Amino acid sequence: MSKDVIPYIVLCLFCLGFLALAVVSYSAVFKRAGSFRAAVQGKKSGWDEFVFRTGLQWETKTAIQNPVVKEYFGADLADKTGRLIGAYRGYPVAVENSTQDIGTFRNRRQRYYTRFHLTIPNPAGLAVVIKKNGSLTLDPQDAGQRLLQNARAYDRLLRIPASFGIEIKQHTLVYAQPGLEQDADRLHMILETLCDLAGAAGKW
């Protein structure tokens, strides 16, 4: 083989390797895009019903910055990947779904979370953490039990099928559960329960 041909062979191999990497990257991006679009479409009707019931409004926030992916999703879905904001029963409320990338580059996938954030009165400086992973755990136990009793929330929290965490600290009440909650009845029940907890904390 002529020495003059070797550089061309090396260049061709390099180009082929680069092309293969580009194809793998492209496939990974649109695989994630397809799963994300399916999740957003699946939740759309449930969240729109939740908006109708509560009067919360979609915040103008486009989570999809890439214009190619935004075009792939469509403007309507892209605009509805933000969060809901407003006031409910007198409490400022934000409800959002967020994502976290997990896995390696080729096998990367997104994990979804549903979060509620309420600004509440807390004159006594109550600090309580409530977690559910099968059963409810309260920290501190005495304050948590009193809070749930005053809010009549224990049974309702147990009816939520997902695991979740609730934290009351200073003037914030935060609820978070893994997964993208799509059921309007459940979203509404969670918000009502959190408002009852906020009311009990305000009367502490």
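Biologist: How many helices and strands does the protein chain have?
Modeller: The protein chain has six helices and eight strands. Bear in mind that this is a predicted model.

Biologist: What pattern do they follow along the sequence?
Modeller: Along the sequence the pattern reads α-β-α-α-β-β-β-β-β-α-α-β-β-α.

Biologist: What share of the residues is buried?
Modeller: Buried residues make up 36% of the 204 in the protein chain.

Biologist: And what about the nonpolar core, which residues have the most contacts inside it?
Modeller: The largest nonpolar core has 41 residues, and Phe116, Leu118 and Ile130 have the most contacts inside it. Helix H6 gives the largest share of this core, 10 residues.

Biologist: What is Phe116 in contact with, leaving aside neighbours within four places in sequence?
Modeller: Its partners include Phe50, Ala94, Val95, Tyr175 and Leu194.

Biologist: Let's do rings. How many aromatic pairs are there?
Modeller: The structure holds four aromatic pairs. One of them is Trp47 with Trp58, and that pair is stacked. The centres are 6.0 Å apart, with 20 degrees between the planes.

Biologist: Where do those two sit?
Modeller: Trp47 is in helix H1, residues 6–54, and Trp58 is in strand E1, residues 57–58. They are 11 residues apart.

Biologist: How are Phe50 and Phe116 arranged as a pair?
Modeller: Phe50 and Phe116 are edge-to-face, 6.4 Å centre to centre, with 75 degrees between the planes. Phe50 lies in helix H1 and Phe116 in strand E4, so the pair ties together parts 66 residues apart in sequence. Both Phe50 and Phe116 are buried.

Biologist: Which residues form the aromatic cluster?
Modeller: Phe50, Phe116, Phe164 and Tyr175 form one cluster.

Biologist: What sits over the ring of Trp204?
Modeller: That's the charged end of Arg146, 4.0 Å from the ring centre.

Biologist: New topic, helix H4. Which of its residues are buried?
Modeller: H4 covers residues 141–151, and Ala143, Gly144, Leu147, Leu148 and Ala151 are buried there. They span an arc of only 130 degrees around the axis, so they lie on the same side of H4.

Biologist: What about the other side of H4?
Modeller: Asp142 and Gln149 are exposed there.

Biologist: What covers the buried residues of H4?
Modeller: The cover includes strands E5, E6 and E7, plus helices H5 and H6.

Biologist: What about phi, say for Arg152?
Modeller: Arg152 has a positive phi of about 50 degrees, although it is not a glycine. Arg152 lies in the loop between H4 and H5. Its relative accessibility is 72%, so Arg152 counts as exposed.

Biologist: And what is phi for Arg89?
Modeller: Phi of Arg89 is near 55 degrees, again a positive value in a residue other than glycine. Arg89 is in the loop between strands E2 and E3. At 44% relative accessibility, Arg89 counts as partly exposed.

Methods:
Residues numbered from 1 in each chain as written. Predicted model: local features only at pLDDT ≥ 70, side-chain atom pairs only at ≥ 80, totals over all residues. Heavy atoms only, no water. Buried < 20%, exposed > 50% of the residue type's maximum accessible area, 1.4 Å probe, protein only. Helix = DSSP H or I, 4+ residues; strand = E, 2+ residues; numbered from the N terminus. Arc of directions from axis to C-beta. Contact = heavy atoms within 4.5 Å. Phe/Tyr/Trp six-rings, centres within 6.5 Å; stacked < 30°, edge-to-face > 60°. Lys NZ or Arg CZ within 6 Å of the ring centre and 35° of its normal. Core = buried A, V, L, I, M, F, W, Y, C linked by side-chain atoms within 4.5 Å.
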